[in-house]
Amino acid sequence: MLEKSTKLHKKFWDIFAQQDRHKINEFQSYMDKFAVNFNLYKDGNFIEQSLPFDVIPRIISKKEFSKIEKGLIQRVTALNLFLEDLYTDAKIVKDGIIPKEFIESASGFLKEFVGFSPSKKVRTHINGIDLVKDSSDDEWVILEDNLRVPSGASYPLSIRDTYRKIFPDFFENLKIEPIKNYPKIITDAMEYVNTGGINVVLTPGRFNSAYYEHSYLAQEIGAQLVRAHELVVIDKKVYFKNYNGKKIQVGAIYKRLDDEFLDPKFFNPDSLIGVPGLVEAYLAGNVALMNAIGNGVSDDKGIYYFVPKMIEYYLNEKPILKNAPTYLPYFKEDMDYVMDNMEKLVIKDVAEAGGYGVLFGHSLTAIQIKDLKATIKAEPRRFIAQELIEFYDEKCFLDRKLQDRKADFRAYVVMGKDVKVWNCGLTRYALQEGNYLVNSSQGGGFKDTWVMEL
Amino acid sequence: MEQLLTANVASSMYWLGRYLQRMEGTLYEINKAYDLIIDVDRKAGTLLYKKFDIDIKYVSAMDFLHKAIRGKHAANFGNLMLQARENAIISRAYIDSVAFGEIIALNELFQSMQTKRSHIDYNDLDKALSLIMIIWGAHAHRGHRKSSDYFFKLGKLVEEVDLRLRLGKEKSMTDLILKEINVAIKMLNPELDIFDNCPQEYIDELPYAMMECIYATIDKLIIEE
């Protein structure tokens, strides 16, 4: 189902109708040339592929975006307070808002870091919050919080740059919010938490799925792109190894790898992409890590359930943006509901991401439902269930014709001295009609997002 | 000019310069040999590739082009280009964006020539040379101000000398390029000099062994731990 067309959409289509359709091919080849790639490992093989993209932008009115912005600032502020509290006093647990065992059973909760507070008490530096617009009431709904290593911001930057080159008419004639400030927002956040030294982006390397993005962002934010062995820890301080043998101290690391691979001396000893001794330097307060170690607990889909409660608890405010109606089989009442209504629910594995571990009740066979019920009963903490949200489709120009595809929206929220929401985001669409999974790792494509006013 | 750079990026910029120059230099030589093979010297292609330590067999000028570009040998352009592209991806943040785009386009061109069905003619070679020209031009437009640019330039110059020494080209021009190499190296590390500790007969006569002096200096320039 498509969102109701507004005057903003009409303005777009009026200009689009005047465009030479050959320019769409030009658009495609320009994007290919600049290699907006997403790498995949499939059946043990490394596949380098262009990320599918669409030329029709998603349009969000400035007024509507302003409400999203307020809601996201509120949410990320609360999540940062939650993480800081959880790893220090854990008042939210002591006050009975979140059950203790629920926290302790979250795989992303790292009890070794209890008692440590990072630079300037900022933990949620760069956040990707996934939303959809519910067609039943026209409200935006939060589907997921990504507070570890959210990716994708470079794609809208690249497509916008291409758009401006190939189709300048839109930007000359419409009031579209500029987006080039994203690298500056990141740099400001890095500088704010920097403990003294240069900024670097730590990448697992050339064969990571988001290497394109790591390289692009490092360039844009003026930081060095490094692999683990290009950093060294000496006396609990992190140094960048320059080509001429000089060592330069590092003050902030935008890490693009999961905690468990970050330091083989502390986490997974087999990690070849981590920096030995990095955690020690971090705990000594000699380097800032973006995002903080231990944020994985808030990406747990079970913890997501409690975010509205966190907002009320820490900020004494009502949540501006709502969660999808969610049930925790961990609680008996919710377990009963899930067992009785599984056919209409979406079941998610709390520790999975990227569209993995998501099952749609309506597409399961009776035997699969029975098996799933048994699995949930055996491991109730491992799953959440959500009402299926009929979110809006977006118009996409695929196979030379306009087609409707389900689309979500990942907003980027950056926390430094203040919390800032980027005036853009990653609109992801499903490649197949009717498919609800839009993630890049599930074959989804992306398109630009224009925040516009009349 | 002081610029922070990992050894990996420094090395990638250097090798990007080398691979691009290797392709450019070889394409010019292929063009010359192609013309000779038509009606002057049927063995011109064989003689050229012998200097690259490659045994190449062909039945016509056109067949020579095919074998040179996509034959199964160390100078296969599809493979050379993949190496260049890989180095460009690693050092992307330091390359002019237009130059990067043209490297991707050049890769597409050479990969498309690798399929048996594709027909290769001098137009393709001209097109490839034009793209390489654009890459040099786009990058030079930045001005050689940063260390990364000097590594790129260094790679280009080293490859030029390599080809000239292999082909036994005129010494005075090679001498000039060697001096340019030294200037680039001194910009990156004033204490290094390719002629230090280099046997005098290498400097006087410029045998291919001169490359050893260059490589020894570059090993001191990029410190890989």
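Are Asp130(A) and Arg410(A) buried or exposed? Keep that question in mind while we walk through this structure, which is a predicted model.

Let's start with a pair of strands in chain A. Strand E4 covers residues 126–133 of chain A, and six bridges join it to E5(A), with the two strands running antiparallel. If you want a spot to look at, find Lys133(A): it stands opposite Trp140(A) in E5(A). E4(A) and E5(A) form a hairpin with six residues between the strands. In that hairpin sits Asp138(A), which takes a positive phi near 65°.

Now follow the chain into E5, residues 140–146 of chain A. This strand is mostly covered, with six of its seven residues buried. E5(A) has another partner too: it pairs with strand E13 (residues 322–323) of chain A, in the parallel sense, over two bridges.

Side chains of opposite charge can pair when their charged atoms come close. A search of the whole structure turns up 43 salt bridges over all chains. One of them takes us back to our opening pair: the side chains of Asp130(A) and Arg410(A) meet in a salt bridge, at 2.7 Å from N to O. Asp130(A) belongs to strand E4 of chain A and Arg410(A) to strand E19 (residues 401–415) of chain A, so this pair ties together parts that are 280 residues apart in sequence. And the answer to the question is that Asp130(A) and Arg410(A) are both buried.

Strand E19 of chain A comes up again in the next pair. Asp393(A) and Lys406(A) meet through their side chains in a salt bridge of 3.0 Å, N to O. Asp393(A) is in strand E18 (residues 393–398) of chain A, while Lys406(A) is in strand E19 of chain A, and the two are 13 residues apart. Asp393(A) and Lys406(A) are both buried.

Time to hop over to chain B, where helices take over the story. The side chains of Arg18(B) and Asp162(B) meet in a salt bridge, 3.5 Å from N to O. That pair links distant parts of the chain: Arg18(B) lies in helix H1 (residues 7–39) of chain B and Asp162(B) in helix H7 (residues 147–167) of chain B, 144 residues apart. Arg18(B) is buried, and Asp162(B) is too. Which residues are linked with them in a network of salt bridges? The network contains Arg18(B) and Asp162(B) along with Arg22(B), Glu159(B) and Arg166(B).

Technical notes: Residues are numbered from 1 along each chain as its sequence is written. Chains are lettered from A and ligands numbered from 1 in the order in which they are written. This is a predicted model: local features need pLDDT of at least 70, side-chain atom pairs count only at pLDDT 80 or more; totals for chains, interfaces and linings use all residues. Side-chain values use heavy atoms; hydrogens and water are left out. Buried means under 20% relative accessible area, exposed over 50%, partly exposed in between (1.4 Å probe, protein chains only). Helices (H or I, at least four residues) and strands (E, at least two) are DSSP runs, numbered from the N terminus. Two strands pair if DSSP finds at least two bridges between them. A salt bridge is a side-chain nitrogen of Lys or Arg within 4 Å of a carboxyl oxygen of Asp or Glu.
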